[in-house]
Amino acid sequence: MDTHFAQRRRRDLIMAACLAVVAALVPLFVKDVYVQNIMVLTLMYAALSQSWNILSGYCGQISLGHALYFGLGAYTTALLFTKFGVLPWFGMLAGGAISAVIAMALGYPCFRLRGHYFVIATIVIAEIALVLIQNWDWAGAALGIDIPVRGDSWLKFQFARSKLPYFYFALALACIAWFVTWWLEDSKWGYWWRAVKDNPDAAESLGVVVFNSKMGAAAVSAFLVAVGGSFYAQFVSYIDPESVMGFQFSLLMALPAVLGGIGTLWGPVLGAVILIPLTELTRSFIGGSGRGVDLIVYGALIVAISLALPRGLVSVFSMLTGRKEAAR
Amino acid sequence: MTAETIIQSLASGLLMGLLYGLIAAGLALIFGLMDVVNFAHGEFLMIAMYATFFLFAFFAIDPLLAAPLVAAALFVFGAVVYLLVVRFAMRAKANAGMVQIFSTFGLAIVMRGLAQFFFTPDYRSVTNSWLGGKTVSIAGIYLPEPQLIGAMLSIAAFVALYFFINRTDFGRALEATREDAGAVALVGIDKNRVFALGWGLGAALVGLAGAIMAIFFYIYPDVGASFALIAYVTVALGGFGSVFGAFAGGIIVGLVEATTALILPPSLKSVGIYAVYLLVVFIRPRGLFGSM
């Protein structure tokens, strides 16, 4: 590749490393539990959105059903731990593996669909899974699963007193998701995906195996989202179908990438850093009355940004620094 | 399970399906016209139901009489939404599909928030309307009157829509704009006006459906969400771009829902609809009547 691109990639990597170090130091100065909670959620959504972005942004297969993989991760970990005593670390990998396999099994028929037919199929499949779990008594049905807290331990990945371990895990997850994206961006997969997104027919004629590219993107994306789901289950220590597999999760996962810049490396991070604290703050300061003002602010923000900045917030940065290719 | 219960539930499924068709008609019309899926469609239904409720509660206007008023109000609302939001979403040069999804979706969230703010999250219902709770018996089958009238209205609306699209100047302008929005400008048709009227018409149809739904369904800020997904499935099942596909899609959805409810526990009744959607698009990726 041309040197300019290589330079940009090196700069991205250095910038990410610096940001990760700065982020890791923040809890030393911020002791407030409420703020730390928001930081954990922000990092989690950055990781989720980055993973969603691989399939929907880079490969262009817009999924509004990724709550399915989030829920699968959460449920696999919680069920393995509460029913069989399997440590969450294994549950996490198992959840990721199961999700990746299911993503490919579902991708097999779904990737023939295009445009809105595909989007609706993803919503409908997640919805079916939600209804099935709600009716599955062994898995706690609609009531969900209470994960018993047996004291602070890294082995069992549960911490009752401090948010810090969760913070560092979420940070690591966000870094991994970012790094995987960074690495894939310049791999043959990355180029295939962009070709598939821009024009699948042309890509096919040039020898890109479109179908396999989509399957690869789905598997990576689902695996990472499921790990996020496992983490969330440990973090909140109580899950029910609606709270981990509901449609709103599919959207919450997509929004940071959409607002930050879909199909870009930094879009999901930037989107999450702005959106999640804003959501949490509006919810606690003006949404407390339960009168929907938080929804109004949140919805208006989505409308305004998607209309004013169709390339996302990263396009503002690339305009400022005059980097033309950054918004790609 | 006797033959009677089967016929009974299929009959109510058919009526509900015709109503689903009416709910979805506006969505199909707008999509066919300009390739935009309105993700606030369920919220259009929600405000139509609230409008009906308030006309009944404050002015004692029965939902049946309110229906044309609500449809007219929704017509204006739909045109305004096009002019204020969708028109700008259409101009997006990058990520056009994404911008359309999320601008209409953001609008849906704002509408839900506004409904919570002004109307509170309480469940409301229209009580003692002319049709509410009444049933008629035809050849031993009991049919709820609101659904029956709704079904007839749906058929009438689709017939009217057919003549409207095929026989009037505006209908022809609509079709022409749909085929080639650039070329119609050359013959003096204002694209934006046609689109705004199309959105108005689409919203008016869901307004009609909302007035009927208000008779027998609870009204609350999130009521649109559950019907929106059914409406998307209905339209996609019939095939995007085909308004009359939505009619067929609605009937299928209604019948499948009723059949599922006979076989599976009630909590699983939506699974049947979703499964049929997947089955159809896996075999025919363009829906039943969709064009390329």
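Q: What area is buried between chain B and chain A?
A: This is a predicted model, where local features need pLDDT of at least 70, side-chain atom pairs count only at pLDDT 80 or more, and totals for chains, interfaces and linings use all residues. Buried area is the accessible area (1.4 Å probe) that two parts lose on being put together, summed over both. Carbon and sulfur atoms give 78% of it. The total is about 3800 Å².

Q: Which residues of chain B lose the most area to chain A?
A: Three residues together account for 17% of what the chain B side buries. Residues are numbered from 1 along each chain as its sequence is written, and chains are lettered from A in the order in which they are written. The three are Met98(B), Phe102(B) and Phe282(B).

Q: How many residues of chain B are in contact with chain A?
A: Contact means heavy atoms within 4.5 Å. Chain A contributes 42 residues. Chain B contributes 49.

Q: Which helix gives the most to the side of chain B that touches chain A?
A: Helices here are DSSP runs (H or I, at least four residues), numbered from the N terminus. H3 (63–89), H4 (96–119), H9 (223–238) and H11 (269–283) of chain B each supply at least two residues. With 16 residues, the top contributor is H4(B).

Q: How many salt bridges does the rule find across the interface of chain B and chain A?
A: A salt bridge is a side-chain nitrogen of Lys or Arg within 4 Å of a carboxyl oxygen of Asp or Glu. Over all chains the count is seven. Across this interface it is zero.

Q: Which residue forms a salt bridge with Asp186(A)?
A: Asp186(A) lies in the loop between helix H6 (164–185) and helix H7 (188–198) of chain A. Its partner sits in helix H1 (residues 3–29) of chain A, 177 residues apart. The closest N and O atoms are 3.7 Å apart. The partner is Arg9(A).

Note on methods:
Heavy atoms only, no water.
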